Amino acid sequence: MKALLFSILVLTLTFTASGATTADDQLSAQNLADLARARAATARFHSVEQAEAEGYINLNFCEEGEGCHWLKPSLLDNEFDPTQPEILLYLPDGDGWRLVGVEYVVPLTLSPGVAPEGFSGNADHWREDSEGVGLWELTAWIWLHNPNGMFEQHNPRA
């Protein structure tokens with residue numbers, strides 16, 4: 001419990017110190033708690049080798065403003081769990097990779113016409129098939145501040 005409270009405090013201080021946008025200012029306490037849980041659960045994936053050892057595969061799909069995508073196919077379902085993102089987003093960093101964010105995805109066939117449940121409140125932004133691969137998509141920039149907002153698809157810093 002102390003680790004969760006510490007993570008919430010760190011996230012809150014990060015947003016405050018970094019000049020958070022209006023979108024980030026609207027994050028609820030529950031959003032911050034869920035984001036802290038996501039960070040705690042994905043911290044081990046700063047090592048891309050660890051992510052691959054746990055089933056994430058490099059899709060060889062990189063998009064400017066979003067990064068390169070590693071997918072864990074066994075997580076593709078209609079369940080939202082902030083601690084189990086289907087996609088990890090990395091940026092090239094020297095000779096390796098830097099974890100910058102996560103994406104939650106749900107196949108359109110499992111939630112036709114209705115955005116999946118996600119983080120509490122209405123701060124998150126599910127996108128319907130924005131990349132043309134038949135998925136609902138939700139990005140969270142939990143490891144790289146996005147001046148456009150935590151849940152915006154593209155990050156000018158990526």
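Begin by selecting Asp81, which is found in the loop between β2 and β3. Strands such as these are DSSP runs of E with at least two residues, helices are runs of H or I with at least four residues, and both are numbered from the N terminus. The model on the screen is predicted: local features need pLDDT of at least 70, side-chain atom pairs count only at pLDDT 80 or more, and totals for chains, interfaces and linings use all residues. Residues are numbered from 1 along each chain as its sequence is written, and side-chain values use heavy atoms, with hydrogens and water left out.

Is Asp81 buried or exposed, or partly exposed? Asp81 has a relative accessible area of 26% and is therefore partly exposed; buried means under 20%, exposed over 50%, and partly exposed in between, with a 1.4 Å probe and protein chains only. Leaving aside neighbours within four places in sequence, Asp81 is in contact (heavy atoms within 4.5 Å) with Arg37 and Tyr104. Select Tyr104 as well: Asp81 and Tyr104 are 23 residues apart along the chain, and their C-alpha atoms are separated by 8.5 Å.

Leu75 is buried because its relative accessible area is 11%. Beyond its neighbours within four places in sequence, Leu75 is in contact with Tyr56, Gln84, Pro85 and Glu86.

Most residues other than glycine have a negative phi. Select Asn60 in strand β1, where phi is near 55 degrees, a positive value in a residue other than glycine. Asn60 counts as exposed because its relative accessibility is 67%. Now select Asp129, in the loop between β5 (127–128) and β6. Phi of Asp129 is also positive, near 55 degrees. With a relative accessible area of 31%, Asp129 is partly exposed.

**Helix α3**

Select residues 29–42, which form helix α3. The 14 residues of this helix should span 20 Å at 1.5 Å a residue, and its end C-alpha atoms are 20 Å apart, which agrees; the expected span is 1.5 Å times one less than the number of residues. Which residues of α3 are buried? They are Asn31, Leu32, Ala33, Asp34, Leu35, Ala36, Ala38, Ala41 and Thr42.

**The largest pocket**

A pocket is found on a 1 Å grid over the protein atoms alone, as an open set of points where a 1.4 Å probe fits, with protein on both sides within 12 Å along at least five of seven lines; lining residues have an atom within 4 Å of a point. To see the largest pocket, select its lining: Leu59, Phe61, His69, Leu71, Leu76, Ile87, Glu103, Val105, Glu131, Val133, Leu135 and Glu137. The elements giving two or more residues to this lining are β1 (57–63), β2 (67–71), β4 (96–107) and β6 (135–140). The volume of the largest pocket is about 150 Å³, taken as the space filled by probe spheres set on grid points joined across faces, edges and corners.

**The whole protein**

Finally, display the entire protein, which has 4 helices and 6 strands. Along the sequence, the pattern is α-α-α-α-β-β-β-β-β-β. Of the 158 residues, 45% are buried.
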